[in-house]
Structure formats: C-alpha cells, structure tokens
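Morning, everyone. I have one structure to go through, and I will keep it brief. Please look at the screen.

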Amino acid sequence: MDFAHSFGLIIPDLLLSVSGLVLLLVVAWSGDKGARQIAIGAAAALFVAGFLLVPGLHGGAEGPATLGFGGLIKVDGFALFAKALIYLSAIGALMVAPAFFASPAAGSERGMRGEYPVLVLFACVGMGLMVSANDFMSLYLGLELNSLSAYVLAAILRRDARSGEAGLKYFVLGALASGILLYGMSLLYGFTGSTGFAAVRAGLSGELGYGALFGVIFVLSGLAFKISAVPFHMWTPDVYEGAPTPVTAFFATAPKVAAVALTARVVFEVFGAQVAAWQQIVMFTALASIIFGALGAIGQENLKRLLAYSSINNIGFILLGLAVANHSGAAAMLVYLFIYVVMSLGSFVALLMLRGEDGSLMETFADIRGLSITRPALAAALLIFMFSLAGIPPLLGFYAKFVVFQATVEAGLVAFGAIAIAASVIGAFYYIKFVKVMFFDPPAGVITGRSGAAHWVLLGLTAVIVSPLGYFLTRSLSDLADKAASALFLAV
C-alpha cells in the first residue's frame, strides 16, 4: 500500500480534520468569545480545501490512480464534484450563522457557540469520506461522523424546546436508519463475502437470490432516509422547523449532496449489475417524493416546513436522473443537484432576512404579506427563488428539470417522465402562493429589521446564478457533470 499516494488523495480532508482539531482547542481555551473568528477560520479552511479540488475536478480524475488505502476510498471526479458542492454549502451556512445567533431568534443563548463551526467542519470531513467511499466500512464511518455532528447541530440551542426536539427526533430516526443500513450491509457481506464495492458487485452478478435482494432493499432504505425520500421522509419537516435556521440551511444543502452522491455511487458501482433489482424501487421513490412533497406543502403556513416539503419534492426530481440508470441520467442528476443547492441556499438566506424590528425571525405567510411594498428587494429575490424551484422559465430551475426530463425521455421512460411532469404542476401552487401573499395582500408591516452584508452578498450571488444570467454557466456545469458522471461508469 502506497501511503504517500493515499494521503495525497485526501489532502483536503486532512486539512479540514486538522483545522477542526485546532479550532476545537481554540474553543476550549477562549470559549465562545472568539466564535466569529473561529467561523471565519473554518470558512477559510473550507475555501482552501475547495481550491485544492480544482485540478482534479477539471481534469476528470478517474482510473486506478484514484484509489487509496487499499481500495477503501476512491477520490475520482465524481467525489470531487460532490465535495466542491459540500464545501460551498458549508461556507454559506457559516456566513449566515453569526447574525442569527446574535439575534433574539437564538432565545436566551444569544451569541454563537464556538462549537458550531467546528461541528460543521467535522460534518464535512464525514461527508467527504461518504462520497469517496469504495467500501461499506469507509461508507459507514463517513456516514456516522456526519450524522453525529448533525445531531448536535440540530440541538445546539440547548434551552430551545424546538431545537432539542429536532435533535432528538433526528437522532432517534437517524439511528434507526443507520441500523437498517448496517443490516443491509451485513446481508450483502454474508452473501458476497466482502465489503469492497467491486467485490460485492462481482458477487451480485448473475441471478440475484432473495437474501441478497433483501440486502439491496435494506441498503437503499437506509440511504433513502438520509436523502429524506418518501417513505422515509417523516423527520424532515419537524427537523427543518425546529433546528436553528442556519443549521436548516446546512441540512438542506451539504448533507443532501453527500447522501445523493453516496446513493448514486452505491447503485451504479455496487448494484450496477442488477439494475432491474433497484430501478423500480428508485422510480417509485422518485414519483412518491415528487407527489407527496407537493401535496404536503400545500397546507403549510410555516415557511421552513414548506421548504422542507419542497426539499422532498426536489429530491424526487433528482432521483429521476438516478432511475434512468445511465451516464446521461447521472450527469443530469449532478446538474440538478448543483442548481438545487444554489436555490435552497438562497431561499434560506432570504428566510433569515425576514426579521422584525427587534431582530426576531418571521417564519409564516402572515408575516410576509405585502412584502413587495415594505421590502421590495427581498420580495423580488424570494420571487426568483420560488419561481426557480417551481421550474418556471427562464429561471435556472427550469433548466434543471429540463435536463432530467430529457434524460428520462431519451432512456425510453416516457410514461415515467410524463407522470413526473404532471405531478410537478401541483408544486407550482404553493410556490405561486408566495407571490400572491407578497405582491397582492395588504402589508403586514412586521418585517422591518435590517440584515448584514453577508446576507445580502449571498442573496445577491445566488439570485444572479438562478436568474437567466445563470445560463452562461450551463456549458461549464454540464462539462463538469459529464466528467464526474463518467467516473461512476469506469471499471476500476
């Protein structure tokens, strides 16, 4: 085993690990007084780690040179693409956190805890291991490192009942999902004699027995929880509503990227020889997520719960690309994933800017009545994000849905795509409700608080990317997605 080569593959992860340990010592020495500086340090570490990904990302890293530690990890173009999205999402979650924790929205625990950025860093290390996993053991280690950090993040406001409830629900249901996943992995190990992805794939070739099929189903069920796909979505609305809003923004982006990328790697690289065994499961989950996410959001008055159902709905569209089970479907899935991250991050930043005079957060439709009159720039940004999430042209969200539907039709799954398109119309209702309330209802006049520069910078950047100007990025984005998807279908 060439340790120099192996450690060279994970330099970004090592940087984040060392940075997390150093910042943890700083927290222990200085307490929460230096929390803002610790957050800046964590964001800087993530930026540098992301910069280190650029050569491999543009070069389309693939082949035996991407394997490390005896085949336990694979740092190919697909993993690098996912890591880049994870790091960008984490930087956004760190940028908006200090203002939230300094506001009355943090309750009696005003002031950001120094552990927050450290936990975000360790979660990113876990997610990096997840997307680079080439063995079920490394997969599970990464998954648990991310999950343990996420449980604490959800409950970081210890005296807030909603935050504590969110953390407890996430922990209990997450532990259940991890148990299901671990049981599926043990079944696959029992029937194939290995935990390595390539060896398990070889063991599953030929006729699939009932025992191995149950292993496939249990693994997919555990992963479906992590991406909050129907019918394993029940935790999402409660956790999104109860967790602090910067944490919710983090949950809606980075862990979703990691979980979707991990699911794609498992189905293509481990179960690729048994497409018939998993394709129907993914197709059902995709359609169910699209329909249930749309229907569940219709009656919501809390904006964070509505975005939780919107997340479930969008996961369904991402799974459409996975269900196609070919290169074009995987590339379309990655394009959608990037655009989804931008739309979600922008939407939650906008929610963080809905503040009262005392800095408290406003989270209901009643609070944003007539927002176009009192805060026209914020209302315009929300309009862009909601219409983009609905897939209305010429916004970039339309392009995301278009490339997924195109891959579906080209694969001959016309009826499948048609049902998904019809179901997507349902989702337009609650997105348009934002517009009706903000532009046509009399002003509520409660959103009078001001936001910091970091919020406006993120809001403006994400709004520009989602706007028609974002189409200038599509060529480069498609090229990167094609290179990343190719790595999934290259036998190593």
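Tyr116 touches Ala93, Leu94, Ala97, Phe101, Leu153, Ile156, Pro246 and Val247, leaving aside residues up to four places away in sequence; contact means heavy atoms within 4.5 Å. This is a predicted model, where local features need pLDDT of at least 70 and side-chain atom pairs count only at pLDDT 80 or more, while totals for chains, interfaces and linings use all residues. Residues are numbered from 1 along each chain as its sequence is written, and side-chain values use heavy atoms, without hydrogens and water.

Which residues touch the most other members of the largest nonpolar core? They are Tyr116, Phe250, Phe251, Phe271, Leu354 and Ile368, out of 186 residues. A nonpolar core is a set of buried Ala, Val, Leu, Ile, Met, Phe, Trp, Tyr and Cys residues joined through side-chain atoms within 4.5 Å. Buried means under 20% relative accessible area, with a 1.4 Å probe and protein chains only.

Next, helix 7, residues 161-192. Helices here are DSSP runs of H or I, at least four residues, numbered from the N terminus. Helix 7 has 32 residues and reaches 46 Å from its first C-alpha to its last, close to the 46 Å expected at 1.5 Å a residue; the expected span is 1.5 Å times one less than the number of residues. Its buried residues include Gly167, Tyr170, Gly174 and Leu181. Among the elements covering the buried residues of helix 7 are helix 6 (136-154) and helix 9 (210-226). Just after helix 7, Gly193 has a positive phi of about 80°.

Last, Gly92, Met95, Val96 and Ala99 in helix 4 meet Ala454, His455 and Leu458 in helix 20.

Methods. Helix = DSSP H or I, 4+ residues; strand = E, 2+ residues; numbered from the N terminus. Buried < 20%, exposed > 50% of the residue type's maximum accessible area, 1.4 Å probe, protein only.
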